[in-house]
Amino acid sequence: MEKIINELRYFNKSFPREALTKAMKMKEEITPILLEELDEIIACPAIVTENQDYMLHIYAIYLLAQFREKKAFARVIDLISFKSDEVEVFLGDVLTGDLSSIIYSTFDGDLNALQSVIENPLLNIYARSAALDVYAKLYSDGAISKEECMEYLRGLIYDNCY
């Protein structure tokens, strides 16, 4: 397990396909390690902000999303709730690419956490947009009623002007 984690820890010019394949086959064993990795980044963002070759947190969120690990949701919300420039360093292209899919795949039912990201004008605009996209997907899936969705969107548009 340690070898897999070490292969995913830093940027390497060659894609770590073999390490990721092994990680996917060891879902039960690697999930707690990946969750702990996110906890470490949240507790000490300098791990990433001071070493932009650090990649383990990126692989962690993708793997956890693939595993549909609900325990990752709050951690992803915490990651995107840092200052906007830090979020850009943490997530890079993930921010404008796959973030909504990651949030959706890990969504644990905490609509308040999702809405707090959407409504916070101090957070990164792309993170907020990804959260709103997830809200729309939840409506499409029937997890949120049409009335509830319309009321929420009206509130965003007319009442709060975020």
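## Ground rules

Angles under 35 degrees count as roughly parallel, over 145 as roughly antiparallel, 65 to 115 as roughly perpendicular and the rest as oblique. Axes are lines fitted to C-alpha atoms, for helices over the stretch in contact, and the angles run from 0 to 180 degrees between N-to-C directions. Helices are DSSP runs (H or I, at least four residues), numbered from the N terminus.

This is a predicted model: local features need pLDDT of at least 70, side-chain atom pairs count only at pLDDT 80 or more, and totals for chains, interfaces and linings use all residues. Residues are numbered from 1 along each chain as its sequence is written, and side-chain values use heavy atoms, with hydrogens and water left out.

## Helices α9 and α10

Start with helix α9 (residues 111–119) and helix α10 (residues 125–140). Their axes come within 8 Å. They cross at roughly 135 degrees, so α9 and α10 are oblique to each other. The crossing is left-handed, meaning that the near helix is turned anticlockwise from the far one by less than a right angle; clockwise would be right-handed.

Which residues of α9 and α10 meet? Contact means heavy atoms within 4.5 Å. From α9 come L111, L114, Q115, V117, I118 and E119. From α10 come A127, R128, A131, L132, V134, Y135 and L138. By class, this contact has 10 nonpolar, one polar and two charged residues. Here Ala, Val, Leu, Ile, Met, Phe, Trp, Tyr, Cys and Pro count as nonpolar, Asp, Glu, Lys and Arg as charged, and the others, Gly among them, as polar.

## Helices α1 and α2

Helix α1 (residues 2–9) packs with α2 at an angle of about 135 degrees. Their axes are 9 Å apart. α1 and α2 are therefore oblique to each other. Their crossing is left-handed.

In α1, the residues in contact are I4, E7 and L8. They meet A19, L20, K22 and A23 in α2. By class, the contact has five nonpolar, no polar and two charged residues.

## Salt bridges

Side chains of opposite charge can pair when their charged atoms come close. A salt bridge is a side-chain nitrogen of Lys or Arg within 4 Å of a carboxyl oxygen of Asp or Glu. By this rule the count comes to four. Among them is the pair of E18 and K22, whose closest N and O atoms are 3.1 Å apart. Both residues lie in helix α2 (residues 17–25), four residues apart, about one turn of the helix. Are they buried or exposed? Buried means under 20% relative accessible area, exposed over 50%, and partly exposed in between (1.4 Å probe, protein chains only). E18 is exposed at 54%, while K22 is partly exposed at 34%.

D133 and K137 form another salt bridge (3.4 Å, N to O). They are four residues apart in helix α10, so about one helical turn separates them. D133 is partly exposed, at 32% relative accessible area. K137 is partly exposed too, at 25%.

R75 and D39 also meet in a salt bridge (2.8 Å, N to O). R75 lies in helix α6 (residues 73–80) and D39 in helix α3 (residues 27–43), so the pair ties together parts that are 36 residues apart in sequence. D39 is partly exposed, with a relative accessible area of 35%.

## Buried L38

L38 lies in helix α3. Its relative accessible area is 0%, so L38 is buried. Leaving aside neighbours within four places in sequence, L38 is in contact with H57, A60, I61, L64, R75 and L79. The C-alpha atoms of L38 and A60 are separated by 7.5 Å, with the two residues 22 apart along the chain.

S100 lies in helix α8 (residues 99–106). S100 is buried, at 11% relative accessible area. Not counting residues up to four places away in sequence, S100 touches A130, D133, V134 and K137.

At 11% relative accessibility, S105 counts as buried. R68 is found in the loop between α5 (56–66) and α6. Most residues other than glycine have a negative phi. R68 has a positive phi of about 55 degrees although it is not a glycine.

Note on methods. Helices (H or I, at least four residues) and strands (E, at least two) are DSSP runs, numbered from the N terminus.
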